[in-house]
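Here is a short tour to read alongside the sequence and the 3D view. Please keep both open as you go.

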Amino acid sequence: MSDIEIRDDRAAGRLEALLGDEVTGRVEYFVLEAPARALVPVHTIVEPAHEGQGIAGSLARELYGMAAREGVVVAPLCPYVVKWAERHPDEAPAADPELLQAAKDWLRAHPGRF
């Protein structure tokens, strides 16, 4: 794992794990603006050749780290990130239910986005 670099491609809505020039995994997300600003992960994908190496967990950890640095919350819709957050409550504060509902509503209103 020490050779993995994590890069945020905010314009594309992807947090990517790279090994050299190869993208080995990613979290696809969007930024919710209201009722409060939040990072909303929708999918976590790790390439089959790189599964079981802790990449998904590293991506989830970095997503929460980014949110903390930006002073926003994470409203996870991605099942993997939801489970990761449940296992790491000290690193992943729970999102307000109203914010989660707003994130779900945004996703339904933008069906072609993910």
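The notes below cover the sheet, its hairpins, the salt bridges and one threonine.

This is a predicted model, in which local features need pLDDT of at least 70 and side-chain atom pairs count only at pLDDT 80 or more, while totals for chains, interfaces and linings use all residues. Residues are numbered from 1 along each chain as its sequence is written, and side-chain values use heavy atoms, with hydrogens and water left out.

**The sheet**

- Five strands make up an open sheet in the order E1-E2-E3-E4-E5, and the pairing is mixed.
- E1 and strand E5 (73–74) stand at the edges with a single partner strand each, so one side of each is left without a neighbour in the sheet.
- Helix H3 (residues 97–109) packs on the sheet, where it touches E3, strand E4 (38–46) and E5; the direction of H3 makes about 105 degrees with that of E3.
- Helices (H or I, at least four residues) and strands (E, at least two) are DSSP runs, numbered from the N terminus.
- Two strands pair if DSSP finds at least two bridges between them.
- Contact means heavy atoms within 4.5 Å.
- Axes are lines fitted to C-alpha atoms, for helices over the stretch in contact, and angles run from 0 to 180 degrees between N-to-C directions.

- Strand E1 (residues 4–9) and strand E2 (residues 14–19) run antiparallel and are joined by six bridges.
- Along this pair, glutamate 5 has leucine 18 in E2 as its bridge partner, and aspartate 9 is partnered by arginine 14 in E2.
- Four residues lie between E1 and E2 in their hairpin, and glycine 13 in the turn has a positive phi of about 70 degrees.
- E2 is also joined by six bridges to strand E3 (residues 22–32), again in an antiparallel arrangement.
- Here leucine 19 stands opposite glutamate 22 in E3.
- The hairpin of E2 and E3 has two residues between the strands, and glycine 20 takes a positive phi near 65 degrees.

**Salt bridges**

- A salt bridge here is a side-chain nitrogen of Lys or Arg within 4 Å of a carboxyl oxygen of Asp or Glu, and the count comes to eleven salt bridges.
- For accessibility, buried means under 20% relative accessible area, exposed means over 50%, and partly exposed is in between (1.4 Å probe, protein chains only).
- Arginine 14 and glutamate 16 form a salt bridge (3.1 Å, N to O); arginine 14 is partly exposed at 27% relative accessibility, whereas glutamate 16 is buried at 6%.
- Arg14 and Glu16 also belong to a network of salt bridges that links them with Arg7 and Asp9.
- Aspartate 8 meets arginine 10 in a salt bridge (3.3 Å, N to O), with aspartate 8 partly exposed at 32% and arginine 10 partly exposed at 29%.
- Glutamate 33 and arginine 37 are joined by a salt bridge (2.5 Å, N to O); glutamate 33 is exposed at 52% relative accessible area, and arginine 37 is partly exposed at 38%.

**Threonine 24**

- Is threonine 24 buried or exposed? Threonine 24 has a relative accessible area of 0%, so it counts as buried.
- Threonine 24 has its place in strand E3.
- Leaving aside neighbours within four places in sequence, threonine 24 is in contact with Ile4, Ala17, Leu18, Leu19, Ile45, Val46, Glu47, His50 and Ile55.
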